[in-house]
Amino acid sequence: MAARTKSRRRAIDLLFEAEQRQVNASELLRERLATPVTEAPLNEYTADLVTGVVGHWTQINDLLATYSQGWSVERMPAVDRAILRVGAFEVLFGEVPEGVAISEAVAIATELSTDDSPKFVNGLLARLAEVKPTLV
């Protein structure tokens, strides 16, 4: 698994855990950076993703709700929310090509979520990439 793919996966895990435990993702990130719970400490890109998602939390959630066509953010499976938040951050604010961000999010959804999730993640993130120029 490539380094950035691992970073995305760990950022998604951290956001998912924060939501499940009902704790602030930034606080959980600080905790994990200070005291890692795995052999390999969190890397800089994981921290950048979590920090970026938290920094744009409201805007990302509003855009996901606006373009998800019939699905409120709260109704989405928790793992899909985490995947979409990281994917949306990368598509809208990241430095990687949009296609790479979408492809990575779809691959992670294929691995971690329901059979319908990859198609949903792909469609929603592709729509965000499409409307991105109008959001500036």
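Q: Is Ala 2 buried, partly exposed or exposed?
A: This is a predicted model, so take every value here as computed. Ala 2 sits in the segment before α1. Buried means under 20% relative accessible area and exposed means over 50%. At 48% relative accessibility, Ala 2 counts as partly exposed.

Q: What distance separates the C-alpha atoms of Ala 2 and Gly 55?
A: Ala 2 lies in the segment before α1. Along the chain, Gly 55 is 53 residues apart from Ala 2.

Q: How many helices and how many strands does the protein chain have?
A: Reading from the N terminus on, the elements go α-α-α-α-α-α-α. The tally for the protein chain is 7 helices and 0 strands.

Q: Which radius of gyration does the protein chain have, and why does it agree with a compact globule?
A: The C-alpha trace spans about 40 × 30 × 30 Å along its principal axes. With 136 residues, a compact globule would have a radius of gyration near 14 Å. The chain agrees with that because its own value is 14 Å.

Q: What share of the contacts with a separation of 6 or more comes from residues 24 or more positions apart?
A: Start with burial: of the 136 residues, 44% count as buried. The accessible surface comes to about 7400 Å², and 52% of that belongs to carbon and sulfur atoms. As for the contacts, residues 24 or more positions apart account for 67%.

Q: How far apart are the mean positions of the positive and negative charges?
A: The protein chain carries 14 positive and 19 negative charges.

Q: How many salt bridges does the count come to?
A: Side chains of opposite charge can pair when their charged atoms come close. The cut-off here is a side-chain nitrogen of Lys or Arg within 4 Å of a carboxyl oxygen of Asp or Glu. By this rule, the count is 11 salt bridges.

Q: Which residue forms a salt bridge with Arg 9?
A: The closest N and O atoms of this pair are 2.6 Å apart. The bridge links distant parts of the chain, with Arg 9 in helix α1 (residues 3-21) and its partner in helix α6 (residues 98-112), 102 residues apart. Arg 9 itself is partly exposed, at a relative accessible area of 21%. The partner is Glu 111.

Q: Which helix holds both Glu 17 and Arg 21?
A: These two form a salt bridge, with the closest N and O atoms 2.9 Å apart. Arg 21 is partly exposed, with a relative accessible area of 43%. The residues are 4 apart, about one turn of the helix, and that helix is α1.

Q: What is the N to O distance in the salt bridge of Glu 130 and Arg 127?
A: Both residues lie in helix α7 (residues 117-131), 3 residues apart, about one turn of the helix. Glu 130 counts as exposed at 55% relative accessibility, while Arg 127 counts as partly exposed at 32%. Their side chains meet at 2.4 Å.

Q: Which residues do salt bridges that share partners join into one network?
A: One member is Arg 8, in helix α1. Arg 8 is buried, with a relative accessible area of 4%. Leaving out residues up to four places away in sequence, Arg 8 touches several residues, including Tyr 45, Leu 49 and Ile 108. The network joins Arg 8, Glu 90 and Glu 104.

Note on methods
Residues are numbered from 1 along each chain as its sequence is written. This is a predicted model: local features need pLDDT of at least 70, side-chain atom pairs count only at pLDDT 80 or more; totals for chains, interfaces and linings use all residues. Side-chain values use heavy atoms; hydrogens and water are left out. Helices (H or I, at least four residues) and strands (E, at least two) are DSSP runs, numbered from the N terminus. The radius of gyration is taken over C-alpha atoms; the globule rule is 2.2 Å times the number of residues to the power 0.38. Buried means under 20% relative accessible area, exposed over 50%, partly exposed in between (1.4 Å probe, protein chains only). Contact means heavy atoms within 4.5 Å. Accessible areas come from the Shrake-Rupley method with a 1.4 Å probe; for residues, only the protein chains shown count as cover. Lys and Arg count as positive and Asp and Glu as negative; His and the chain ends are not counted. The place of a charge is taken as NZ of Lys, CZ of Arg, CG of Asp or CD of Glu.
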